[in-house]
Amino acid sequence: MSNIVAIVGRPNVGKSTLFNRLVGGRVAIVNEESGVTRDRNYGKSVWNGKDFSVIDTGGYVSNSSDIFEEEINKQVLLAMDEADVILFVCDVELGITDLDYSFARMLRKVTKPVYLIANKVDNGERLYDVHEFYKLGVGEEIFPISSINGSGTGELLDKLVSHFTSDPLEDENELPKIAIVGRPNVGKSSTINALIDKERNIVTDIAGTTRDTLTTRYNRFGHDFLLVDTAGLRKKAKVNEDVEFYSVMRSVRAIEDSDVCMLLIDATRGMEAQDLNIFHLIERNQKGVVVLVNKWDLIEKDNKTTINFEKDLRAKMAPFNDVEIIFTSALTKQRLLKALEAAIETYRNRAQKLKTSELNRIMLEEIENYPPPSLKGKYIRIKYVTQLPTKTPTFAFYCNLPQYVKEPYKRFLENKIREHWNFTGVPIQIFMRKK
Ligand SMILES: Nc1nc2c(ncn2[C@@H]2O[C@H](COP(=O)(O)OP(=O)(O)OP(=O)(O)O)[C@@H](O)[C@H]2O)c(=O)[nH]1
Ligand SMILES: Nc1nc2c(ncn2[C@@H]2O[C@H](COP(=O)(O)OP(=O)(O)OP(=O)(O)O)[C@@H](O)[C@H]2O)c(=O)[nH]1
């Protein structure tokens, strides 16, 4: 189950202000290179113990005041496909505009819950202006809020998370859920087809409950696994693929539904900004990842080609580059079994729970050899460490002054964990806690 909310609305109604308020300081895709997919477009949040993702579909049309029906279509289609709940933001300061009516027309066809957000209700007086918005005839309910000062957002969040499950990662199934993701035309369909040899290998279809993805169980090469299929989404995506932003956002649901992603990149193009955006999306979601350099058959090779290619990829993925890279071809079926095995191994790495005694024995020794640097004359003492009972590897280090332990030292701890145990392909979280 994924918990996704999308924000739609015409320019300047306050979508990004609301987005920032919902995700707090948590930024997602931080990638300077990409002009379109900025951190404002995708973020993670938590309310009443429920995790959820927020997509601001306005990323594409931002800054332009003349937006057309076509753009509205794109925003709403994206929201319909990707989200579980849609927030339609309007502006009480300006009142209803023609564009609002156009949005409303599209949104009336949506079967998912839509909330109408009457934004910029900064004071009690403006509450009187809210009723006007019932004219739009959309939305189960109207929420008067002020994204700037936060009033009304608590009520909105309470209602919002009532649609979400408390643990989107919960999974009755013990089988690895694998998603094949990547930008348009990298060979996702070809890889899937080559991997599963359709007719013979489908075990059962498990229809997604509220989602559009279909998870199918396969047995191939002696491995039992679930494939998160987004074929339907991909077909629709074709219409919209003119913008990088959309094709990255189209991966969100598949990533959230998976345990491990096979990220396909095109060997003839290398890893570009958009591929990296998807990579960071996977990392951000704490999912396992294996990188498949597909169309390897098209590359002219000498004895250094693979090594250099791999070096370049690792530099781009850094600091999280403890990841399997496999050079595949869907066309010649080269190394597809290896790719599948790497995905399953990554799944196991992600699921492993370390013994507390062993973890402490090894890590406390490492810490003793290289203690955290003292700060403002204060000596930092790490007393013990445990792995939290979460689905993704998360480690809590207990110490006297947790706030004094800085990023570089946390990275040191992570590297040591990776050195002693196999967490290849798996993002690790490190928390410092007070003891
Ligand atoms: N008074 C008031 N102003 C707000 C509120 N929320 C947003 N604004 C202002 O409205 C303007 C537009 O806000 P944005 O969040 O950039 O709007 P947007 O919908 O993301 O706009 P685009 O990027 O063009 O799609 C900014 O000047 C905000 O400061 C609010 O609750 N009250
Ligand atoms: N030479 C070569 N061509 C490939 C390989 N894999 C895919 N292709 C070709 O690349 C093109 C795109 O392949 P698809 O499998 O449709 O790619 P996709 O990622 O599913 O594309 P979208 O549905 O647009 O997202 C097709 O023409 C394939 O034949 C490969 O390993 N080698």
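In this predicted model, six strands make up an open sheet whose order is S2-S3-S1-S4-S5-S6, with mixed pairing.

- Strand S2 and strand S3 (residues 50-56) run antiparallel and are joined by six bridges.
- Within this pairing, Ser-45 has Phe-52 of S3 as its bridge partner.
- Helix H1 (residues 15-23) packs on the sheet, where it touches strand S1 (4-8), S2, S3, strand S4 (85-91) and strand S5 (114-119).
- The direction of helix H1 makes about 160° with that of S3.

**Nonpolar cores**

- The largest nonpolar core comprises 90 residues, and the members that touch the most others are Phe-88, Leu-263 and Val-290.
- Helix H12 (residues 336-351) is the element that gives the most to this core, contributing seven residues.
- Beyond its neighbours within four places in sequence, Leu-263 is in contact with Val-181, Gly-182, Ile-278, Phe-279, Ile-282, Val-289, Val-291 and Leu-292.

**The chain as a whole**

- Of the 435 residues in the protein chain, 43% are buried.
- Among contacts in the protein chain with a separation of 6 or more, 73% are between residues 24 or more positions apart.

**Surroundings of ligand 2**

- Ligand 2 is surrounded by 16 residues, of which Gly-187, Lys-188, Ser-189, Ser-190 and Leu-331 are the closest.
- Helix H5 (residues 188-196) supplies the largest share of the shell around ligand 2, namely three residues.
- The shell around ligand 2 divides by class into seven polar, five nonpolar and four charged residues.

Key: Residues numbered from 1 in each chain as written. Chains lettered and ligands numbered in written order. Predicted model: local features only at pLDDT ≥ 70, side-chain atom pairs only at ≥ 80, totals over all residues. Core = buried A, V, L, I, M, F, W, Y, C linked by C-beta atoms within 7 Å. Buried ≥ 20, exposed ≤ 12 C-beta atoms within 10 Å, placed from the backbone. Helix = DSSP H or I, 4+ residues; strand = E, 2+ residues; numbered from the N terminus. Contact = placed C-beta atoms within 7 Å. Pairing = 2+ DSSP bridges. Axes fitted to C-alpha atoms, helices over the stretch in contact; angles between N-to-C directions. Near = placed C-beta within 6 Å. Nonpolar A, V, L, I, M, F, W, Y, C, P; charged D, E, K, R; others polar.
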